[in-house]
Amino acid sequence: MIPAQIKFVWPQTLIEILIILAIIIVARWTLRKAVKELVHTAEANPAKTFKRLGAKATKTMKGSKDPTEMFMSVDPKEDERRHARMKTLASILNSVITVSVVIIGSFWLLRAVNIDITPVLASAGLGGLAIGFGAQSLIKDVISGTFLILEDQLGVGDIITIGDVTGTVIAMQLRVTQVQDMNGEMWYIRNGEITTLGNISQGWSNSVISIPVNIDEDPFKIINLLKQAVKELEGDQEIEKVLLDEPAVLGLSNFDSYIANYGILVKCRGNQQWGVERAIRAASLKVFQENGVDTPATPVRTVDEKSN
C-alpha cells in the first residue's frame, strides 16, 4: 500500500513542485523539438545525396546534362511517401515521449510530497509481467505495425492485396490496418496477421487495349491510324504523368468473320492504366471517324421460316 503520510512544507515543497513541473514541460518540449529536427534531417538527406551524385556525374560526363538531371531529380511521389512516413513516425514518437514524461514526472511529484513509490513500482513490475503473458498477440501486432511503417511496405491510399482482400488502405495504425475493398466493405486486418502483402501502387501495371475494327478494313491502314492516335496523346500532362513508357501498337491480335481486334500495349504506374485506356480508345475512335473507318456492327442473323 501507498503510505498516506503526505508531507508538505511551505514554501519549500511548493517550490520543488513548481521546479519539477517546469522540468517536465521543458523536457517534453526539448524531446519533441529533437524529434522534429530528426524528421527534417531525414527528409532533407535524400535530396542532398542526389545533388552530390549529380555534381559528380557532371564532372565525370562533361558535355551531357542528362546524368545530372537524372541524379538530381527526385520523384514527387516518392518524396510525398517519405514525408508521410516520417510524419507518422514523428506522431508515434511524440506520443511515446508525452506518456513517458508524464509517468516519470508523476512519480517525481509523488516523491516530492513524501509518498513512497517503491510499492507502486513493485506492483507495476508484477502487473506488467502478467499483462505481458496475456498480451502477446497485441505486442506482435504493434511490432509488426512498426516495421510496416518503417519499411514503407504500405501507406494510406495504396491499393494492396492481403490474402483474399484487395482494396485501398484507408488508415494505418500500429495494431490494425483498415482496407476498403472495391465493393465499399471495410476490412480491419491485424498487423500481426499480415504475412504476405502485395502493393499494387508501388509497382507498375501493364495493359493490352483491344481495339475492334470491321474485318473489311485494311489492317496496315488501321495500324498506321492507331499509331497516329497514340501520337496525338503526346503532350497530355495527365497521361504522361502516369505513363512509364510510350504506348506500343502491337498490330492485329485476332479476328473472326466480322471483327478484327488490334492491340495497344501500355505500361503505367501501379493501377493507373484505366485513364490511359479510356484516352487511347477515345483517340482511336476519333481518328477512325475522321478517316472513314467503319467500326464493327453487331452481326444479325436472318432466319427464314417456311410456312407449312
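**Notes on the predicted model**

1. Strand 3, which spans residues 176-181, is mostly covered, five of its six residues being buried. The coordinates under review are those of a predicted model, and the remarks below should be read accordingly.

2. Strand 3 has a partner in strand 2 (residues 165-172); the two run antiparallel and are joined over five bridges. Within this pairing, Gly 167 has Asp 181 of strand 3 as its bridge partner. Three residues lie between strand 2 and strand 3, and the two strands form a hairpin.

3. Strand 3 also pairs with strand 4 (residues 186-190), again in the antiparallel sense and over five bridges. Here Gln 180 stands opposite Met 186 of strand 4. These two strands likewise form a hairpin, with four residues between them. In the turn, Gly 184 has a positive phi of about 90°.

4. The wider setting may now be described. The protein chain contains eight helices and eight strands. Of its 308 residues, 29% are buried. Among contacts with a separation of 6 or more, 64% are between residues 24 or more positions apart. The accessible surface of the chain is about 20,800 Å², and carbon and sulfur atoms account for 59% of that surface.

5. Is Cys 268 buried or exposed? This residue belongs to strand 8 (residues 259-269). Cys 268 counts as buried because its relative accessible area is 0%, while the cut-off for burial is under 20%. Once neighbours within four places in sequence are set aside, Cys 268 is in contact with Trp 204, Ser 205, Val 242, Leu 243, Leu 244, Gln 273 and Val 276. One of these, Leu 244, is 24 residues away along the chain, yet the C-alpha atoms of Leu 244 and Cys 268 are separated by 5.1 Å.

6. Ile 209 is found in strand 6 (residues 204-214). Its relative accessibility is 0%, and therefore Ile 209 counts as buried. Not counting residues up to four places away in sequence, Ile 209 touches Tyr 262, Gly 263, Ile 264, Val 266, Glu 277, Ile 280 and Arg 281. Tyr 262, Gly 263, Ile 264 and Val 266, which are among these contacts, fall within strand 8 (residues 259-269). Glu 277, Ile 280 and Arg 281, also among the contacts, fall within helix 8 (273-290). Between the C-alpha atoms of Ile 209 and Arg 281 the separation is 8.0 Å, although 72 residues part them along the chain.

7. Which helices each supply at least two residues of the lining of the second largest pocket? They are helix 6 (219-232), helix 7 (237-242) and helix 8 (273-290). Helix 6 provides the largest share, namely three residues. The volume of this pocket is about 240 Å³.

8. The lining of the second largest pocket comprises 14 residues; those nearest the pocket centre are Val 230, Glu 234, Leu 243, Glu 246 and Pro 247.

Technical notes
Residues numbered from 1 in each chain as written. Predicted model: local features only at pLDDT ≥ 70, side-chain atom pairs only at ≥ 80, totals over all residues. Heavy atoms only, no water. Buried < 20%, exposed > 50% of the residue type's maximum accessible area, 1.4 Å probe, protein only. Pairing = 2+ DSSP bridges. Contact = heavy atoms within 4.5 Å. Areas by Shrake-Rupley, 256 points an atom, 1.4 Å probe, with all protein chains shown as cover. 1 Å grid on protein atoms, 1.4 Å probe; cavity = no way out; pocket = protein on both sides within 12 Å on 5 of 7 lines; lining within 4 Å. Points joined across faces, edges and corners; volume = space filled by probe spheres on them.
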